[in-house]
Amino acid sequence: NLAGFRPVFLGNLDYDATPQAVQHVFESQGLMVDHVDLKRGYCFVYFKEMDEEAKAKGTKFVEEMSGM
């Protein structure tokens with residue numbers, strides 16, 4: 001995962017969500033996912049090493065998803 005970039009927590013997921021579907025959402029935004037730790041209704045998304053531009057894009061995408 002990214003040094004200094006914590007995994008992203010996603011809550012309120014449909015119980016039928018799959019790690020592949022979650023990974024696809026992030027990768028469709030150009031973010032490289034290392035793995036998804038999916039639980040029932042929530043998950044943690046871990047990212048591969050990214051440059052500063054990709055980190056900034058990822059941060060913006062996550063903030064938009066969370067309504068910040």
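Reader: In what order do the three strands stand in the open sheet?

Author: This is a predicted model, in which local features need pLDDT of at least 70, side-chain atom pairs count only at pLDDT 80 or more, and totals for chains, interfaces and linings use all residues. Residues are numbered from 1 along each chain as its sequence is written, and side-chain values use heavy atoms, with hydrogens and water left out. Strands (E, at least two residues) and helices (H or I, at least four) are DSSP runs numbered from the N terminus, and two strands pair if DSSP finds at least two bridges between them. The pairing is antiparallel, and the order is S1-S3-S2.

Reader: Which strands stand at the edges of the sheet, and why is one side of each left without a neighbour?

Author: An edge strand has a single partner strand, so one of its sides has no neighbour in the sheet. The strands at the edges are S1 and S2.

Reader: How many bridges join S2 to S3, and which residue of S3 is the bridge partner of Val33?

Author: S2 and S3 run antiparallel and are joined by five bridges. They form a hairpin with four residues between them, and Gly41 in the turn has a positive phi of about 95°. Within this pairing, the bridge partner of Val33 is Phe47.

Reader: Over how many bridges do S1 and S3 pair, and which residue of S3 is the bridge partner of Leu10?

Author: The pairing of S1 with S3 is antiparallel and extends over three bridges. In S3, Leu10 has as its bridge partner Cys43.

Reader: At about what angle does H1 run to S2?

Author: Axes are lines fitted to C-alpha atoms, for helices over the stretch in contact (heavy atoms within 4.5 Å). Angles run from 0 to 180 degrees between N-to-C directions. H1 lies across S1, S2 and S3, and its angle to S2 is about 140°.

Reader: Is S3 largely enclosed or left open by the rest of the structure, and how many of its residues are buried?

Author: Buried means under 20% relative accessible area, exposed over 50%, and partly exposed in between, with a 1.4 Å probe and protein chains only. Strand S3 is largely enclosed by the rest of the structure, because its buried residues number four of the five.

Reader: How far apart are the ring centres of Phe26 and Phe47?

Author: Rings of Phe, Tyr and Trp (its six-membered ring) pair if their centres lie within 6.5 Å; planes under 30 degrees apart count as stacked, over 60 as edge-to-face and the rest as tilted. The search of the whole structure finds four aromatic pairs. Phe26 and Phe47 form an edge-to-face pair with 70° between the planes and a centre-to-centre distance of 5.6 Å.

Reader: Is Phe26 buried or exposed, and what is the relative accessibility of Phe47?

Author: Phe26 lies in helix H1 and Phe47 in strand S3, 21 residues apart. Phe26 is buried, with a relative accessible area of 0%. Phe47 also counts as buried, at a relative accessibility of 3%.

Reader: Which residue forms a salt bridge with Lys39?

Author: A salt bridge is a side-chain nitrogen of Lys or Arg within 4 Å of a carboxyl oxygen of Asp or Glu, and the count by this rule is one. The closest N and O atoms are 3.2 Å apart, and the residue paired with Lys39 is Asp37.
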